[in-house]
Amino acid sequence: MSVFLGWFLGLVLMVVVAVAESAKFDELFQPNWAFDHFIYEGDLLKLKLDNSSGAGFGSKNKYMFGKVSIQLKLVQGDSAGTATAFYMSSEGVNYNEFDFEFLGNTTGEPYSVQTNVYVNGVGNREQRLDLWYDPTKDFHTYTIFWNQRQVVFLVDETPIRVHTNMEHRGIPFPKDQPMGVYSSIWNADDWATQGGRVKTDWSHAPFIATYKSFEINACECPVSSVAAVDNAKRCSSSEEKKFWWDEPTLSELSLHQSHHLMWVKARHMVYDYCTDISRYPVTPAECVHHHH
Ligand SMILES: *[C@@H]1O[C@H](CO)[C@@H](O)[C@H](O)[C@H]1NC(C)=O
Ligand SMILES: *[C@@H]1O[C@H](CO)[C@@H](O)[C@H](O)[C@H]1NC(C)=O
């Protein structure tokens with residue numbers, strides 16, 4: 001390869017990575033509500049919750065498959081009663097949703113991360129972890145990876161949940177609706193902290209969630225109402241086009257990732273709908289064949 005070509009490819013690669021990794025908030029997102037609860041501070045975006053309002057933003061575009069990440073530092077100190085969410089969601093009654101919810105706690109008690117997956121408008125698939133680090137001290141990366149085989153929730157590259165495509169067993173899998181990307185902070189003291197027993201202490205407001213970087217590396221869907229089936233086709237690999245998220249190696253977790261997930265489940269999971277017998281006397285179908 002000529003020096004020039006090598007230099008040129010390096011440059012192209014650099015540009016692509018730069019666009020994917022450090023897109024500015026404004027390029028990808030817009031505030032959805034409570035514009036006056038957004039604080040822009042250089043590279044940082046802060047969302048404020050006080051006794052008048054929370055705040056939320058959403059992506060300008062909708063996507064199918066790929067990867068979405070944010071770097072987030074959660075409310076410090078007493079965050080009891082607050083909830084901060086990062087999720088992807090489609091629209092309509094049969095919406096699909098992939099959900100991270102960060103549930104605050106009293107000072108010194110661990111934050112919990114609840115994940116959920118909605119398929120055709122139905123959720124009730126909660127899992128909850130206590131994190132292995134203090135998510136209020138530093139920025140950590142929260143990622144949703146999605147392809148036709150699986151939805152993976154990751155924390156700093158460690159998978160904490162996998163929702164596997166089991167359509168071959170007749171279980172619907174979300175792969176036919178474009179999704180927006182959203183984040184918000186709000187008062188959830190009716191349920192969030194210690195089952196709703198601990199309420200938000202407004203004397204500690206404002207509660208601030210801080211965002212540093214945003215990455216969306218996914219198949220963008222036209223805003224106009226293109227039929228879902230056409231979007232699905234456009235965003236799937238074919239003879240002519242290959243998408244990175246359809247690589248065979250990404251059709252399931254690597255061995256290394258599976259081990260990490262096992263560690264997370266053994267050491268940090270505090271609730272799993274799959275094993276909640278009082279709620280589900282019959283184990284939900286998608287849990288039965290989960291080997292991870
Ligand atoms: C909200 O908080 C502000 C500032 O702390 C306070 O002055 C105000 O009375 C509060 N309003 C309500 C409805 O509690
Ligand atoms: C808050 O702390 C309590 C006590 O350590 C813990 O049981 C609970 O899971 C934590 N998280 C939430 C969201 O209540």
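Two strands count as paired here if DSSP finds at least two bridges between them. On that basis, the predicted model has an open sheet of seven strands, running in the order β2-β3-β14-β5-β10-β11-β12 with antiparallel pairing. At the edges sit β2 (38–41) and β12 (158–164), and each has a single partner strand, so one side of each is left without a neighbour in the sheet. Leaving direction aside, neighbouring strands of this sheet are turned by 25° against each other on average. For a look inside the sheet, take β10 (residues 140–146) and β11 (residues 150–155), which pair in the antiparallel sense over five bridges. Within this pair, Thr-143 has Leu-154 of β11 as its bridge partner.

There is also an open sheet of eight strands, again with antiparallel pairing, and its order is β1-β4-β13-β6-β7-β8-β9-β15. Here the edges go to β1 (29–33) and β15 (269–272); each has just a single partner strand, so one side of each is left without a neighbour in the sheet. From one strand to the next, the twist averages 15°. Strand β4 (residues 55–59) lines up antiparallel with β13 (residues 180–187) over four bridges, and Ala-55 stands opposite Ile-185 in β13.

Then there is ligand 2. Its surroundings are made up of Leu-103, Asn-105, Glu-109, Pro-110, Ser-112, Ala-192, Thr-193, Gln-194 and Val-270. Val-270, one of the residues around ligand 2, falls within edge strand β15 (269–272).

Terms used
Residues are numbered from 1 along each chain as its sequence is written. Chains are lettered from A and ligands numbered from 1 in the order in which they are written. This is a predicted model: local features need pLDDT of at least 70, side-chain atom pairs count only at pLDDT 80 or more; totals for chains, interfaces and linings use all residues. A residue is near a molecule or strand if its C-beta atom, placed from the backbone, lies within 6 Å of it. Helices (H or I, at least four residues) and strands (E, at least two) are DSSP runs, numbered from the N terminus. Axes are lines fitted to C-alpha atoms, for helices over the stretch in contact, and angles run from 0 to 180 degrees between N-to-C directions.
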